[in-house]
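Student: I am new to this structure. Please show me how to read it, feature by feature.

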Amino acid sequence: MSLQEIQQGLAEVGYVADDRLAMALHLAQTLGRPLLLEGPAGVGKTEVAKALAAQRAARLIRLQCYEGLDASHAIYEWNYQRQLLAIRASEAQGGTSEAQLFTDDYLLKRPLLEAISEEEPPVLLIDEIDRADEEFEAYLLEILSDFQITIPELGTIKARSRPIVILTANGTRDLSDALRRRCLYSFLDYPSRETEMAILKARMPEVERLLARQIVGVVQALRKEDLEKTPGIAEMLDWAAALSGLGVNDMAQSREEVQATLVCLLKTAADYDAAPPEVMDRLIGKVA
Amino acid sequence: MQVTRFPTRASGLADRISGFIAHLRMNGMRVGPAETADALAALEAVEATDARQAQQALCVLLAGNADGWRRFDDLFEAYWFNTGKQRKGTAQTAHVRVQSAKPMIWQQESQAAQETETGTDQATAPDPGDGEAVGRNGKLIATRTVNLSRRDLRELMDEDALRQAEQAATAIARAIRDRRSRRRKQALRGPSLDMRRIQRASLARGGEPMDLYRRARPPRPMRIVALCDVSGSMTVYSRVFLAFLKGLIGSGTEADAYLFHTRLMRVTDALRDHDSLRAAGRLSLMAEGFGGGTDISGSLEHFLNGYGARALNGRTIVLILSDGYCSSDPQALGDALARIRRKARRIVWLNPLKGWRDYQPIAAAMQAAEPYLDAHLPANTLEALAALEPQFRKL
C-alpha cells in the first residue's frame with residue numbers, strides 16, 4: 001500500500017495524518033516493525049490505532065498499561081478455577097493426568113497472546129506503555145521483535161499473522177533503549193492551523209467556515225498561553241460540538257455561550273481563571 | 001542545492017548509509033550496524049530517489065526519541081547536502097574549531113535551521129522548545145551588561161581536586177536517595193505478604209491460596225533541583241560548583257541542574273553526557289555570558305514559568321548556589337522564592353560567603369530571601385561541601 005493510499009484511507013475514516021506519520025505507518029506495515037508514538041496528551045496518538053484498524057477493517061486489540069501491570073494480565077494466565085474443578089472431578093472419577101491440565105482449554109488469553117493468535121493481522125494498541133513497570137517492557141521485547149510468546153508449560157507460540165503494533169507514550173518515564181531500538185518512532189505534536197482546520201472539517205463537516213476558523217484560531221492561541229493543561233485536539237472537537245450544538249455561528253456575536261462552553265477546553269480551575277472574558281475577547285478579536 | 005561530495009572509496013548506497021549512521025552516532029544518537037541494515041530495508045520500501053521521502057523514512061526509523069526527532073532534519077541536511085560545512089565564523093568556539101572535521105553544532109546554527117524550514121514541510125520543522133533554545137530566546141532582559149565573551153568551561157573542569165566536589169555531591173545525593181514510604185502498598189515483589197488480598201483471591205480458587213500477593217514500601221526518592229549562579233562574582237567558585245552539579249546529576253538520583261547569570265539554562269543533559277569533553281563543549285556553548293552580571297529573581301521567575309511546573313513537586317529539594325549579590329529588586333526575589341516554596345518541599349541556599357568570618361546577610365537580596373529558606377549553609381571550601389551531608393540527612 002503506498003503512502004498516498006494510506007493517507008487517503010485514513011482521511012476516509014476521519015483521521016488527518018501528516019506526511020511523516022503516513023510514512024511511519026507505511027514503514028510499520030512494510031517492515032513489520034512496531035511503531036512508537038510520543039507526544040503531548042490529546043494529539044491523537046491512540047486515535048491513530050483506531051483509524052488504522054477501521055481503515056484496514058482489522059480487529060483492534062487494546063492493552064491499556066498501568067503501574068503494576070504484569071504478564072498474567074497482559075499475556076496469558078492459567079484458568080486455575082477450571083483446573084481445580086477438573087482435578088476435583090477427576091478425583092471423583094479417578095484418573096486425569098497432569099499433562100491434560102496444561103492445554104489450550106485451560107489457557108486464558110490476554111491481549112498480547114490474543115493478538116498473535118489471530119488469523120487476520122489485527123492492530124495491537126499498547127497504550128501508555130510508559131505507565132507500566134520496566135519489567136513489563138522486558139516481556140514486550142520478545143513479542144515485539146520475534147512475534148512469539150514462550151509459555152513454559154506449552155512451549156513457544158509463534159504468531160499466525162503479524163499484528164501491526166502501535167505503542168503510545170507521553171513521557172511519564174523514559175523508555176529503555178532496547179524497546180526504542182525495536183520500534184519505529186514518530187513524534188506527534190499539536191497540529192498546525194491548516195491541519196487542525198482539516199481535522200475539524202473531517203470530523204464535523206456541519207460546522208460553518210467562519211466558526212471553524214474562529215475555533216481553531218482561539219485554540220491555537222490558547223496553546224501559546226501559559227496553561228497547566230494545554231487543550232488537545234479532542235478538547236477542540238468537544239468545544240466545536242458544544243458551540244455548534246448551541247447554534248452559535250459567530251463567536252463575536254455570542255460571547256456568553258463561548259464563556260460557558262470553555263469548560264470543554266480548560267480542565268483545571270487555574271486555567272479557567274486564566275481565560276476571563278477579556279482575554280477571550282482579545283483572542284477572538286485577533287482571529288476575526 | 002549542493003551535491004554531497006563523498007570520499008572516493010564510498011562505492012554505493014550501502015557505504016553512504018553506513019557513513020550517515022556513523023555521522024548520527026558521532027552526534028550522540030544511539031544507532032549501530034543493525035540500524036544500517038534497517039535503513040537500507042526502509043529505503044527499499046519507499047521511493048529512495050525522492051529526497052524528502054527518504055528523509056522521512058530514515059527519520060521515522062532512526063530518531064528513537066523526541067530529541068532525536070527534532071534534531072534529525074538538521075543532521076540529515078548536514079550530511080547529505082553539506083550544510084554542515086557552511087559555518088559562520090562568529091558562531092565558533094575554540095572547542096568546535098578543534099573538531100571542525102567532525103561537524104557537531106548544526107542545531108546551534110540558525111542558518112542551517114532556516115534552510116531546513118524552507119526545504120521541508122512546515123509540520124516537520126524542528127521545534128525550538130528544547131532546553132538550549134529556551135536559554136537563548138528567553139524573555140529576560142539583562143539588568144546589567146551581558147558579558148558575551150565566550151569561555152571554555154573545560155578549563156574549569158579538568159582538575160583532579162574537582163573529584164572531591166563530585167564525591168561530596170554524591171554523598172549528599174545518597175543521603176537523600178534511599179527514602180521509602182511509610183505505608184506498604186501492593187507490589188510484585190516484597191518482603192511481606194498481603195494477607196487480605198491473598199484471602200480475597202483464594203475465594204475464587206475454592207479457598208486455596210494460590211496467588212501470593214505481596215506488599216512493599218515503595219521508594220519515595222527526594223528530587224534535587226540545583227540552580228547554580230555563574231555570574232562574575234561567583235567565578236572563583238564556579239569550577240567547584242560545576243563539579244558538584246556533575247556529581248549530583250551522575251549519582252543516580254532524580255536531579256535537575258540549571259545555570260543562571262542574567263539568563264537561565266538547563267544543563268542536566270549536558271552534565272549527564274558520559275563523554276566529558278563533549279559535555280564541556282556543550283556547556284560552553286550554553287554558558288555564553290558566563291561571568292557577567294546576575295539577575296537572580298529574573299532567573300528564578302523564568303525557571304518557575306518554564307521548567308518549574310515539571311521540575312518541582314512535594315518531594316523536591318531546591319538547592320540554590322549563589323552569593324546573593326544581584327542587581328534586581330530584592331522584593332521580586334522574595335516573591336519568586338515564596339512561589340518556589342509553595343511548590344517544593346525545601347529550599348536550601350548554599351552561599352560561599354557564609355563561611356567567611358563575621359559574615360552577615362546584609363546584601364538586600366539575601367535579607368529578602370532569608371525568611372523563605374529552610375537552610376542557609378556555607379559552601380566556600382570543599383570541606384564545607386563535604387560537611388553538608390549530615391544536614392541533608394535531616395531534611
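**Reading the chains**

Tutor: Start with the contact between chains: 27 residues of chain B are in contact with 23 residues of chain A. Two residues are in contact if their C-beta atoms, placed from the backbone, lie within 7 Å. This is a predicted model, where local features need pLDDT of at least 70 and side-chain atom pairs count only at pLDDT 80 or more, while totals for chains, interfaces and linings use all residues. Residues are numbered from 1 along each chain as its sequence is written, and chains are lettered from A and ligands numbered from 1 in the order in which they are written.

Student: Which element gives the largest share of the side of chain B that touches chain A?

Tutor: Helix α3(B) does, with six residues. Helices (H or I, at least four residues) and strands (E, at least two) are DSSP runs, numbered from the N terminus.

Student: How do I read a strand order?

Tutor: Strands of a sheet pair through backbone hydrogen bonds, either parallel or antiparallel. Two strands pair if DSSP finds at least two bridges between them. In chain B, three strands make an open sheet, ordered β1-β3-β2, with antiparallel pairing. Strands β1 (185–187) and β2 (192–193) of chain B are at the edges with a single partner strand each, so one side of each has no neighbour in the sheet.

Student: How many bridges join β1(B) to β3 of chain B?

Tutor: Three bridges join β1(B) to β3 (residues 214–216) of chain B. Look at B:Gln186: its bridge partner in β3(B) is B:Arg215.
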